[in-house]
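Reader: Hi! Could you walk me through this one?
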Amino acid sequence: MLKSFQTKLNLNNQQRSLAAKHAGVARHAWNWGLEICLKALSANKKLPTAID
């Protein structure tokens, strides 16, 4: 059985701004890593590890 919990955050303007910045950085890092993996796959190379 799967259960989930929803939590609503009541953020002030400064906290909302910081949360948006953190989400933007995380999205940038994900897209950067995805690009590296796709380039490696298209070149028939081994996928990079987290250490790489």
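Reader: Which residue just after α1 takes a positive phi?
Author: Asn44 does, with a phi of about 55 degrees. This is a predicted model, where local features need pLDDT of at least 70, side-chain atom pairs count only at pLDDT 80 or more, and totals for chains, interfaces and linings use all residues. Residues are numbered from 1 along each chain as its sequence is written, and side-chain values use heavy atoms, leaving out hydrogens and water.

Reader: Is Asn44 buried or exposed?
Author: Asn44 is exposed, at 72% relative accessible area (buried is under 20%, exposed over 50%, partly exposed in between, with a 1.4 Å probe and protein chains only).

Reader: Now α1 itself: what span should it have?
Author: Its 30 residues should span 44 Å at 1.5 Å a residue, and the end C-alpha atoms are 43 Å apart, which agrees. The expected span is 1.5 Å times one less than the number of residues. Helix α1 covers residues 13-42; helices are DSSP runs of H or I, at least four residues, and strands are runs of E, at least two, numbered from the N terminus.

Reader: Nice. What does Asn12 reach at the start of α1?
Author: A side-chain oxygen of Asn12 comes to within 3.2 Å of the backbone nitrogen of Gln14.

Reader: And what does UniProt say about residues 1-46?
Author: The unreviewed entry annotates them as "domain: Transposase putative helix-turn-helix"; such annotations may be inferred rather than shown by experiment. In the model, residues 1-46 are 65% helix and 0% strand.

Key. Polar contact = N/O pair within 3.5 Å; in protein donor to acceptor, adjacent residues only side chain to side chain.
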